[in-house]
Amino acid sequence: MDYANLISGGHPQALPEDRPLMNSRVLGMVNFGPVFRKPVLEEGSPFLSLRMTSADEKGFVEQWTAGPAQASVSGNLVYAHDGEYLFCAAEIPASERCRNLTRKTYLAAFELMDELGYPRLFRMWNYIPRINEDNADGLEIYRDFCAGRSEAFELYGRRRHLPMPAATGIGAQGGNIAFFFLSCRSGRVTFLENPRQMPAYTYPRQYGPRSPSFARATCVQHDALGVLNLYISGTASIIGHETVHRSDLMRQCDVTLENISLLIGRDNLIRHGIETPADLTLRDVDFIKVYVRHAEDIPAVRRRCREAFAPHANIQFLNVDICRSDLLVEIEGIIT
Ligand code: 3EB
């Protein structure tokens with residue numbers, strides 16, 4: 001097994017074509033395009049297609065590569081693993097209330113991680129169509145989803161300690177709820193919080209019956225290899241637990257960028273026992289996704305992000321709803 005490749009495999013690559021060639025080093029592929037398709041094995045690799053663009057937009061494909069991988073399907077779960085990393089994608093079938101199937105699918109995913117021996121869950125992405133609409137009981141779909149997810153962490157936690165990973169929980173333009181995640185076998189994982197944001201899993205009840213289950217970032221280190229990757233969760237204009245600048249796009253952008261700066265800044269890393277050779281700033285963040293609620297806001301958000309991040313940074317902009325109706329923008333990224 002080629003360890004160098006395992007590590008470089010932790011990085012997504014946005015490829016220019018719709019469908020890049022598959023090879024056995026592909027742990028998983030996610031298409032951010034106009035059509036939803038539940039995860040399948042395609043030419044031997046997990047492939048999930050999310051509806052994240054309009055019909056005439058091309059979108060992009062994210063590819064996670066690693067060492068030579070084995071792929072398989074188990075119920076709703078489609079996955080591949082290479083000895084250090086596990087990539088797994090799942091669809092949560094449609095229902096009038098998503099809580100139970102979310103809990104069930106999450107629990108199946110946790111069991112898979114355990115059985116295959118990749119228990120260190122470090123990053124999850126959740127794509128939720130109609131995220132701000134009400135379900136059959138008048139509960140917002142995001143809150144319903146959060147309830148099922150939180151129950152899964154709680155139930156599983158009774159058997160084996162499972163810290164909450166960095167995550168994204170965001171809207172989609174159609175299809176069913178779907179998620180994908182990365183976990184690892186031996187990497188050292190550290191979960192980070194932001195000093196000026198309340199941990200999401202302690203948000204008060206006003207945001208729903210159960211809090212969102214995620215950390216603000218995960219640091220994954222392979223000390224012998226000098227590898228340090230920082231996975232930054234979806235980040236928004238929230239201070240404490242409150243949305244700030246409700247209808248001010250540019251101020252929301254600024255607070256979001258400040259939140260990321262504080263999260264990855266020297267003081268916060270030291271607070272979490274993480275040592276880096278140099279201080280980290282927004283200029284170090286790559287593989288950025290910017291979720292924008294209103295399509296007409298994208299040009300202004302793009303300008304602001306282009307200023308804040310490095311010129312070579314890969315930044316993708318997606319027009320989807322965000323988990324709180326008063327949030328206009330949300331940003332995630334990776335430092336490698
Ligand atoms: C927030 O800070 C904004 O539900 O998985 C960000 C990242 C947000 C992940 C999730 C939600 C999630 O609360 C929303």
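A polar contact is a pair of N or O atoms within 3.5 Å; within protein, one atom must be able to donate a hydrogen and the other to accept it, and residues adjacent in sequence count only if both atoms are side-chain atoms. The model is predicted, with local features requiring pLDDT of at least 70 and side-chain atom pairs pLDDT 80 or more, while totals for chains, interfaces and linings use all residues. Residues are numbered from 1 along each chain as its sequence is written, and side-chain values use heavy atoms, without hydrogens and water.

**Exercise 1.** State whether Asn126 is buried or exposed, and identify the partner of its side chain.

*Solution.* Step 1: Asn126 has a relative accessible area of 0% and is therefore buried (under 20%; exposed is over 50%, partly exposed in between; 1.4 Å probe, protein chains only). Step 2: its side chain makes a polar contact of 2.7 Å with the side chain of Tyr106. Step 3: beyond four places in sequence, the residues in contact with Asn126 (heavy atoms within 4.5 Å) include Arg149, Thr168 and Phe179.

**Exercise 2.** Classify the exposure of Pro68.

*Solution.* Step 1: the relative accessible area of Pro68 is 44%. Step 2: Pro68 is therefore partly exposed.
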